[in-house]
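Please read the points below with the structure open beside them.

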Amino acid sequence: MPRMPSPTTSPAAKSGPARALETLGLNTPIALALHLPLRYEDETSLTPLAQARPGDTLQIEAVVQDARVELRPRRQLVVRLVDDVGETLVLRFVNFYPSHQKTLQPGARIRARGELRGGFFGREMVHPQFKAVQPDTPLAAVLTPVYPTTAALPQAYLRKAVASGLLRANLGEVLPAGVVPAGLPPLREALLFLHHPPPNTALATVEDHSHPAWQRLKFEELLAQQLAQAQSRRERALLAAPVLVARPDGLHAQLLATLPFRLTGAQQRVTHEIAADLGLGRPMHRLLQGDVGAGKTVVAALAAAVAIDAGWQCALMAPTEILAEQHFAKLVQWLQPLGVQVAWLTGSKRGKARDRALAAVASGEAALVVGTHAVIQGDVQFARLGLAVVDEQHRFGVAQRLALRRKLQLPGERQTEPHLLMMTATPIPRTLAMTYFADLEVSTIDELPPGRTPIVTKLIADNRRDELIARIRDEIAQGKQIYWVCPLIEAAEDTGEAPAKPARGKPMAELRNATETHAQLSAALSGVEVGLIHGRLKPAEKAAVMARFKAGELAVLVATTVIEVGVDVPNASLMVVEHAERFGLAQLHQLRGRVGRGEVASVCVLMYSTPLSDSGKQRLRAMAETNDGFEIARRDLEIRGPGEFMGARQSGDALLRFADLAEDAPLLAQARRQASWLLDRHPQAAQAHVTRWLGHQLDYLKA
Ligand code: ADP
Ligand code: MG
């Protein structure tokens, strides 16, 4: 056995590669054992040079005849080899180090592996892998793994570390018989196979992850995740929460009676689902999903009415100040006439007004508190918080959810927490709901309020910009209002969300920024007022611009993505998105949802510049093909994978490494069934399995 690197020595003693192992999270035997090869190299056989064909990737053995640095046609190390029967081969290295020259000395016996070419010098390999051997050096018995790694961590070092991890890790079975689907190998066997497949393994099934060894790993991972979620759901069921029940003539009924519209069937259904949860005396964790414009706010207001009527406070949080302000305006309009005091809290507001708001929240006088994340930060104390509503939950990272729950724990003998209602317009595909959100209840508004006309989406290349502006002039003449969205105002803008990514290698100056577009449209549309709103404006300035647009004083609003979420201006019927190829699918769908809110037919123009990347094309095509948020979400998941989908890039370790939700739905369903059986019958095995797979990540999964 080669000397093993010891990845767990004290930090002071760590060499570069050891530190690199740590950075990659490869600091335990199990982590190393689970670090799977990207691909394999076949060093199990030698091909005689006489039989080697150009184009083949193969391993040969021969002796160095001479090695010299040549300067023409360019500087390179040229090594001539000859094998035992006199066949020759040239190795060429444009990049080489003294160590190359040292190993490749005349007389040295070399095994080289690479693609054989018929070149200028005859048979040759360019930049092959090679090593010096003795005539009796044995061939590898198994395929050689090639691991994903970084520059600081040489492949050979990592190979040894993984081999040692495999030996040291506890890979014994912890699951009782019958849990693992029939036909899948034991964990140890699966891992040994995947790291060191025997010669002649059909690699196709390993590469496409359908091999039973891969299936075993996927199942293990999905099971751990299902167990953690089921456990967290069970633990939460043991906690207490305020019992919130609507009285027959209470606030809930009064609000319903005064609304200017009737609830849709879907709104009624989810309102009942929520009300039922609120009365159970244990914390609700419910996700309310419904497409843009489906009418989630009123559902939240009705839930708030129940809480307030029962004598508790409700907090409503939104990811941006603009959105929070819109909620505030709406809720004041709905609830204030019924005698509810609504307080407004954001991060940017300081001074006396904030102190007054804080005092009203702390005394319980303010029954409803609306704001940004500031609502749960630092100095905010609630008298009796019974329900927290988080809008656009996909913007709340997992860590924020956890922080929210910690902040919200209520004093009392039994651990007591408020109810939590999360709302999102980015629907969660079924497989995701079953995995990352398996501990949440889900309510879905699958119907839009009546009277909406479907939005027509058009894709146009940006060389038709002038045509578009002419069309806009006509629209304005008919009294319509227009949004024009630009990707970013400058490189480092903070819009409170991930900016659309600039195409790589394109100078920033090439981006038409919002300011330029504003100037251009103002000039082209003389006599029309064009507004501008972006992340750099002060909240009061943003609010003023939005108010003027809403009042119809501005015909056109040029905006960065600050308007993405929740803005409600029913008279706006044309949405132009510039450089649409730079936006994510969910973002585009959100933006499109800003129009089509009134009765006029609405249009969304997605302007793109070429060349388009493959995923850019896929996104634009999806937008043109469907208006259905669920379908959009499904395609988004397909294009991006679950990590980015959830906006949880930072907490990437909580995501699946082996399983692929698009492909592994059947395994997921089995893992789900087995998880609840295991928790009932074999809680210790369940615990051992979760600890092996998730260890320190548990906290995150329970958020
Ligand atoms: P979202 O689900 O995107 O948050 P909103 O709650 O902002 O949607 O609702 C969009 C618009 O539809 C608002 O103007 C809201 O007042 C209105 N609305 C909500 N429910 C209904 C309904 N049942 N009938 C008619 N209009 C409704
Ligand atoms: Mg909303």
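The numbered points below set out the basis of the values and then go through the features in turn.

1. This is a predicted model, in which local features need pLDDT of at least 70 and side-chain atom pairs count only at pLDDT 80 or more, while totals for chains, interfaces and linings use all residues. Residues are numbered from 1 along each chain as its sequence is written, chains are lettered from A and ligands numbered from 1 in the order in which they are written, and side-chain values use heavy atoms, with hydrogens and water left out.

2. Salt bridges. The count comes to 30 salt bridges, a salt bridge being a side-chain nitrogen of Lys or Arg within 4 Å of a carboxyl oxygen of Asp or Glu. As background, side chains of opposite charge can pair when their charged atoms come close.

3. E61 and R109 form one salt bridge, with 2.6 Å between the closest N and O atoms. E61 lies in strand β2 (residues 57–70) and R109 in strand β5 (residues 109–115), so the pair ties together parts that are 48 residues apart in sequence. Helices (H or I, at least four residues) and strands (E, at least two) are DSSP runs, numbered from the N terminus. E61 counts as buried because its relative accessibility is 15%, and R109 is buried at 17%. Buried means under 20% relative accessible area, exposed over 50%, and partly exposed in between (1.4 Å probe, protein chains only).

4. R80 counts as partly exposed, at 24% relative accessibility.

5. Which parts of the chain does the pair R234 and D680 link? The two side chains meet in a salt bridge (2.9 Å, N to O). The pair links distant parts of the chain, with R234 in helix α7 (residues 212–237) and D680 in helix α22 (residues 665–681), 446 residues apart. R234 is partly exposed at 35% relative accessible area, and D680 counts as exposed at 52%. Elsewhere, R269, E273, D277, R286 and D446 are joined into one network by salt bridges that share partners.

6. Helix α11 (residues 321–335) has 15 residues and reaches 20 Å from its first C-alpha to its last, close to the 21 Å expected at 1.5 Å a residue. That expected span is 1.5 Å times one less than the number of residues. Buried residues in α11 are E321, I322, L323, A324, Q326, H327, L331, V332, W334 and L335.

7. E207, D208, D660 and E663 form a negative surface patch. Patches are made of residues with over 30% relative accessible area and no salt bridge, with like charges joined within 9 Å. E207 sits in helix α6 (residues 203–207) and counts as exposed because its relative accessibility is 52%.

8. A559, in strand β20 (residues 556–559), is buried with a relative accessible area of 0%. The C-alpha atoms of A559 and G535 are separated by 8.9 Å, and the two residues are 24 residues apart along the chain. L280 is in the loop between α9 (265–278) and β10 (285–290) and counts as partly exposed at 48% relative accessibility.

Notes: Patch = residues over 30% accessible without salt bridge, like charges linked within 9 Å, V, L, I, M, F, W, Y side chains within 5 Å. Areas by Shrake-Rupley, 256 points an atom, 1.4 Å probe, with all protein chains shown as cover. Lys, Arg positive; Asp, Glu negative; His and termini not counted. Charge placed at Lys NZ, Arg CZ, Asp CG, Glu CD.
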